[in-house]
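Thanks for coming, everyone. I'll walk through one model, helix by helix. Have a look at it first.

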Amino acid sequence: MNRRYIKALIIQALGPISLLASTITISRWLGPSEQGEFLSVKSWVDVLVAVTCFGLPQSIVISINRYKSSAKIIYVYSIRYILLALPILIFATALWGQGRSFLDSTLLSIAAACVSIVGIWRGILLTQDDGTRFHLITALSSLSLAGAIGVGLLVHASIAEQVVRMYFFAGIITIFLGYLLCPWSKVNEAFGATPSISKLITNGVDAFIQALSTTAQVFICVTWMRQHTGVEAIGFFSVA
């Protein structure tokens, strides 16, 4: 197998492997209740990210490669889009609640927004540089979350009490490193046509439906278990 593909496989595998390691570590060190609380929050954030991304990473690749749209303009659009989406994310998370404060809802929504915009930048980056930078940005959000959890475990933080802040710091790390991997300078001289908003929306619908169906299944299952069997059962379920 080509060394380039082996390298890509290894780097992109780091994300799910790190999250799996975090899941096992939480379960072994802190027990199923803490793991259940983590999965409960994670399932909600995953839904937020799926909805916010709305298949845009895929439609952006199509827009730039097929319709010769400007990566520079799309990059600007992505920032405006996330800023407009953030209040909606905060409102939705406040409704979801689970007894958390408005501050926690805001921090969790910021984390989801950070992960979402980096996911969108990932689509842009694929059209500019499909090498190591792209593979790293693919695994970035999972690695950042695993890192934040690892630091929390090292200082003996309670997942149930601090999971929102862990997610927040993971989101900040994600957007900071995501910008380093896909900076403005990458697209600043990328010329092209003004992208069609309608095509950006419609070309990613299939990817959006797939992502939403996958995340929504877990969220619905976790929510039902939380209401009927408790957080501890969620923890057992996640490592079964």
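At which residue does helix 7 bend, and by how much? Helix 7 bends at Arg-165, by about 25 degrees. A bend here is the angle between two fitted axes, one for the seven residues ending at that position and one for the seven starting there. Helices are DSSP runs of H or I, at least four residues, numbered from the N terminus.

Some ground rules. This is a predicted model: local features need pLDDT of at least 70, side-chain atom pairs count only at pLDDT 80 or more, and totals for chains, interfaces and linings use all residues. Residues are numbered from 1 along each chain as its sequence is written, and side-chain values use heavy atoms, with hydrogens and water left out.

Stay with helix 7. Its buried residues include Ile-159, Val-163, Val-164, Met-166, Tyr-167 and Phe-168. Further along, Ala-170, Gly-171, Thr-174, Gly-178 and Leu-181 are also among them. Buried means under 20% relative accessible area; exposed means over 50%; partly exposed is in between, with a 1.4 Å probe and protein chains only. What do the buried residues of helix 7 pack against? They pack against helix 1, helix 2, helix 5 and helix 6.

Take one residue from that set. Val-163 lies in helix 7. Why does Val-163 count as buried? Because its relative accessibility is 2%. Val-163 touches Phe-38, Val-41, Arg-100 and Ser-158, leaving out residues up to four places away in sequence. Contact means heavy atoms within 4.5 Å. The C-alpha atoms of Val-163 and Leu-39 are separated by 9.8 Å, yet the two residues are 124 apart along the chain.

Next, helix 4. Helix 4 covers residues 71-96, which is 26 residues. From first C-alpha to last, helix 4 reaches 35 Å, close to the 38 Å expected at 1.5 Å a residue. That expected span is 1.5 Å times one less than the number of residues. Helix 4 also bends, by about 30 degrees at Ala-85. A proline, Pro-87, follows within four residues.

Now the ends of helix 4. Ser-70 caps the N-terminal end, with a side-chain oxygen 3.3 Å from the backbone nitrogen of Lys-72. After the helix comes Gly-97, with a positive phi near 60 degrees.

Which residues of helix 4 are buried? Among them are Ala-71, Ile-74, Tyr-75, Ser-78, Ile-82 and Ala-85. Leu-89, Ile-90, Thr-93 and Trp-96 are buried too. The partners of these buried residues include helix 2 (32-53), helix 3 (56-67) and helix 5 (102-128). Helix 7 (159-181), helix 8 (184-187) and helix 10 (205-228) are also packed against them. Leu-95 lies in helix 4 as well. Leu-95 counts as exposed because its relative accessibility is 64%.

On to helix 1. How do helix 1 and helix 2 pack? Their axes are 7 Å apart, at an angle of about 145 degrees. Axes are lines fitted to C-alpha atoms, for helices over the stretch in contact, and angles run from 0 to 180 degrees between N-to-C directions. From helix 1, Leu-19, Thr-23, Ile-26, Ser-27 and Leu-30 meet Pro-32, Glu-34, Gln-35, Phe-38 and Lys-42 of helix 2. That contact divides into five nonpolar, three polar and two charged residues. Nonpolar covers Ala, Val, Leu, Ile, Met, Phe, Trp, Tyr, Cys and Pro; charged covers Asp, Glu, Lys and Arg; the others, Gly among them, are polar.

Helix 1 runs over residues 3-30 and holds Ile-11. Ile-11 counts as buried because its relative accessibility is 11%. Outside four places in sequence, Ile-11 is in contact with Thr-132, His-135, Leu-136 and Ala-139. Turn to His-135, in helix 6 (residues 132-154). His-135 is buried, with a relative accessible area of 9%. Beyond four places in sequence, His-135 touches Ala-8, Ile-11, Gln-12 and Asp-130.

Last, two loop residues. Phe-54 lies between helix 2 and helix 3. Its phi is positive, near 50 degrees, and Phe-54 is not a glycine. At 27% relative accessibility, Phe-54 is partly exposed. His-156 sits in the loop between helix 6 and helix 7. His-156 has a positive phi too, of about 60 degrees. Is His-156 buried or exposed? Exposed, with a relative accessible area of 73%.

Notes: A polar contact is a pair of N or O atoms within 3.5 Å; within protein, one must be able to donate a hydrogen and the other to accept it, and residues adjacent in sequence count only if both atoms are side-chain atoms.
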